[in-house]
Amino acid sequence: MGTLVGGVVFDAFGGGMAFAISGGLLVLGGFVVTVFADEGSAHPREARAAGAAGSRHGLGDVIRSPLFVTIIGLMFVMNFSRGFPGAIFQEYVELFVSGNERLNTTVGFLQSVTFIVAGVTSVAMGRLADRVGYAWLVVAGTIASGVLCLPQAWIETLSGLFVLRVLLGITAGTIGPALGRFVHETIPRASHGKAFGLVQAANSWGMALGPLSGGLLNAGLIPAVGMAMALRLPFAAAGMLQVIVGLGAWYFIARSARTAMPAPVALETEN
């Protein structure tokens, strides 16, 4: 909702008001958490036990799991690919909005609708992860996101772009619950903090490098293919990257599952 409200405020009152409201909300949020949040206090014996358990499971124990490394790689690629066209998204939307009329509102709406849909569908996708497996759901979400990202390279209407953003929200809603379930079931409880720290690091690096790489690609393509096509091609590149990495992870997980399966027991027959 932040991008939607920010876009509306920017168009109505200007950028200064949008930044002032954003800063005020951050201060208000910190005040509310500080005054009203009660984390409780752990029993000294429980705190010592948790600390001892955490010291026995180092960072190396967490990243020693090939499946965990695969999921971390997928999270990096997902955030890298989402941010890849992020630096040029406003200029891209401008292709569909004539005369820059309420451009910021339109951009905010298209960005926020993806996350609104992701929040709504994440509950159902969490239940689906319990049935089909969290690793497979993360991989399927990555591939589906890549497939849906590709048409943004040639779509011509704002309504079509809206539909694609809604569908991308569904794929985003599949990954979050599956990732949380994966960490809780495959990583020792004492190492959950390390695992989620690595997940957040992968997300942050993806979000940092994606827009930078997309902006550089756009700048390099403009002299060769023109501004309009240079705004579209990063979406195709991001989509293909997600599909290729997702298929590679699918093959790796399937091969690991076959390797882990016990050999069939031969039945002896009486002569």
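Axes here are lines fitted to C-alpha atoms, for helices over the stretch in contact, and angles run from 0 to 180 degrees between N-to-C directions. Helices (H or I, at least four residues) are DSSP runs, numbered from the N terminus. The model is predicted: local features need pLDDT of at least 70, side-chain atom pairs count only at pLDDT 80 or more, and totals for chains, interfaces and linings use all residues. Residues are numbered from 1 along each chain as its sequence is written, and side-chain values use heavy atoms, without hydrogens and water.

**Exercise 1.** Describe how α5 packs on α10.

Solution.
- Step 1: find the helices. α5 covers residues 66-83, and α10 covers residues 192-225.
- Step 2: take distance and angle. Their axes come within 7 Å and cross at roughly 30°.
- Step 3: classify. Angles under 35 degrees count as roughly parallel, over 145 as roughly antiparallel, 65 to 115 as roughly perpendicular and the rest as oblique. α5 and α10 are therefore roughly parallel.
- Step 4: list the contact (heavy atoms within 4.5 Å). From α5, F68, I72 and M75 are among the residues taking part. α10 contributes residues including L198, W205 and P211.
- Step 5: sort by class. Ala, Val, Leu, Ile, Met, Phe, Trp, Tyr, Cys and Pro count as nonpolar, Asp, Glu, Lys and Arg as charged, and the others, Gly among them, as polar. This contact of α5 with α10 has 13 nonpolar, six polar and no charged residues.

**Exercise 2.** Describe how α5 packs on α8.

Solution.
- Step 1: locate α8. It spans 134-149.
- Step 2: take angle and distance. α5 and α8 pack at about 25°, with axes 11 Å apart.
- Step 3: classify. That makes α5 roughly parallel to α8.
- Step 4: list the contact. L67, I71, L74 and M78 of α5 meet A135, V138, V139, T142 and S145 of α8.
- Step 5: sort by class. The contact of α5 with α8 holds seven nonpolar, two polar and no charged residues.

**Exercise 3.** At what angle do α7 and α8 cross, and which residues meet?

Solution.
- Step 1: take the geometry. The axes of α7 and α8 come within 7 Å and cross at roughly 125°.
- Step 2: classify. That makes α7 oblique to α8.
- Step 3: list the residues. M125, L128, A129 and V132 in α7 meet Y134, W136 and L137 in α8.
- Step 4: sort by class. Seven are nonpolar, with no polar and no charged residues.

**Exercise 4.** Which helix gives the most to the lining of the largest pocket?

Solution.
- Step 1: list the helices supplying at least two lining residues each: α5, α7, α8, α9, α10 and α11.
- Step 2: pick the top one. α5 gives the most, with five residues.
- Step 3: check the classes. The lining has ten nonpolar, eleven polar and two charged residues.
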